[in-house]
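Have a look at the picture, then read on.

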Amino acid sequence: MISEHSKAVPRWLTALLIFLIFTVKFLLFVPQVYFYNSSSQTPLPLGLVLLKLALGVYSWALLTPPILLVSRRWIVERQRLLTNLFIHFCFSLLFAAAQTLLYHAALTLLTPGGFGASAKELPRLDGPLSFIFNGIVAYMSILAVHQAVLHYRQASERAFRLQQAQLRLLQTQLQPHFLFNSLNLIASLIYSDQAEAERTVLNLSDMLRVNLYEMGQQETSLREEVEFVDRYVQIMRARFPGRLEVRTDIDPEAFDAAVPTMMLQPLVENSIRHGILPRSGGGVISIEARRERKSLLVTVSDDGCGVRPVEAGGGVGLANMRARLQYLYGSQQSFSLFSRPGGGTTVRATLPFRAARGNLRTPL
């Protein structure tokens, strides 16, 4: 996942970093190889020993860029874990063979004995396990470091995206026009229905309190989301008496599931504004939620005007919700909006099921 706020590392800088890392590795191995050669019964010239060490180390350095391409293509993560590990195991054998050929080709060109001297060092049939083990260790070491960098960058990118999505969400939460209309409603109810005016004030204050309290939270429980949207619906019913009916069908097991904060209110608002209000007779909104194995399925549907093709992507609120689900749950979520047969619109969200952590919201 490449960030818009981060710049790609130049290739020359990547090549320089690879060279420096393997140079450090070469220098660390020099003392070990020197003492091993000195204690041998038939020590080799020091220059030849260092040459062979350099060829062994820097041949892997030359193979590192294609290894990084393979690593980026088959990322080791929870999904397809065993498949990708098997793919990398096969590539480790392939790169081990490539490194062996590269090492001996260079040794043939650079040593006095040429091919004959190099052929003496080719892996024998009695030592295939050593060849396989060394190749796997070298490949997996490079892979592990690169995978750590990739996952770190993905985590940083996800945090950045969540922050940006949260800022966009805050711009749509309790928008000024909603507050303005609610205050006008309260002003008019004071003279016609004081009890309803008091209920509206309490509902609005509860919504504002929860909205301010949850600015820094990404998740809450579905139960608390339903309670929050109920206050929003009560205000909208007071604004449009007799035109709005909301039905809920929540699986008891789903009430304590964790969902994104302010998930339902934008979906219900979308149904009211684009489905119910354009109709003279009003309509019905249905909120349903149930657990399906390891997933939570939430749907908000209405019997209103339906969605036109140009509106299939939804408004700003739905676009923000789509982005939040993507960066909270990645490929474990889905979000869709479509017209229902016979009229109306359905918004369906699927996210991983897990229990909410304690009481995430102040009591209403």
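Which residues in α1 meet which residues in α2? From α1 come Ile18, Phe19, Phe22, Thr23, Lys25, Phe26, Phe29, Val30, Val33, Tyr34 and Asn37, and from α2 come Leu46, Val49, Leu50, Leu53, Ala54, Val57, Tyr58, Trp60, Ala61, Thr64, Pro65 and Leu68. Contact here means heavy atoms within 4.5 Å.

Before going further, please note that this is a predicted model, in which local features need pLDDT of at least 70 and side-chain atom pairs count only at pLDDT 80 or more, while totals for chains, interfaces and linings use all residues. Residues are numbered from 1 along each chain as its sequence is written, and side-chain values use heavy atoms, with hydrogens and water left out.

**Overall picture**

The protein has 10 helices and seven strands. These elements are DSSP runs numbered from the N terminus, with helices being H or I of at least four residues and strands E of at least two. Of its 364 residues, 41% count as buried; buried means under 20% relative accessible area, exposed means over 50%, and partly exposed lies in between (1.4 Å probe, protein chains only). If you take the contacts between residues at least 6 apart in sequence, 75% of them join residues at least 24 apart.

**Two helix pairs**

Two packed helices are described by the angle between their axes and the distance between the axes. The axes are lines fitted to C-alpha atoms, for helices over the stretch in contact, and angles run from 0 to 180 degrees between N-to-C directions.

Helix α1 covers residues 11–38 and helix α2 residues 46–73; their axes are 9 Å apart, at an angle of about 150°. The two are therefore roughly antiparallel to each other, a label for angles over 145 degrees, with under 35 counting as roughly parallel, 65 to 115 as roughly perpendicular and the rest as oblique. The contact of α1 with α2 divides into 19 nonpolar, three polar and one charged residue. In this classification, Ala, Val, Leu, Ile, Met, Phe, Trp, Tyr, Cys and Pro are nonpolar, Asp, Glu, Lys and Arg are charged, and the others, Gly among them, are polar.

The second pair is α8 (residues 222–239) with α9 (residues 264–276), whose axes come within 9 Å and cross at roughly 35°. On the α8 side, the residues in contact include Leu222, Phe228 and Tyr232, and they meet residues of α9 that include Leu264, Val268 and Ile272. By class, this contact of α8 with α9 has 10 nonpolar, one polar and two charged residues.

**Single residues worth a look**

The accessibility of several residues is gathered here.

| Residue | Relative accessible area | Class |
|---|---|---|
| Cysteine 90 | 37% | partly exposed |
| Cysteine 305 | 48% | partly exposed |
| Methionine 262 | 2% | buried |
| Arginine 293 | 78% | exposed |
| Glutamate 196 | 19% | buried |

The structure holds zero disulfides, a disulfide being a pair of cysteine sulfur atoms within 2.5 Å.

Methionine 262 has a phi near 60°, a positive value in a residue other than glycine. You will find methionine 262 in the loop between β3 (258–260) and α9. Arginine 293 also has a positive phi, near 55°, and lies in the loop between β4 (283–292) and β5 (295–302).

Glutamate 196 lies in helix α7 (residues 194–213). Leaving aside neighbours within four places in sequence, glutamate 196 is in contact with Leu189 and Ala238.
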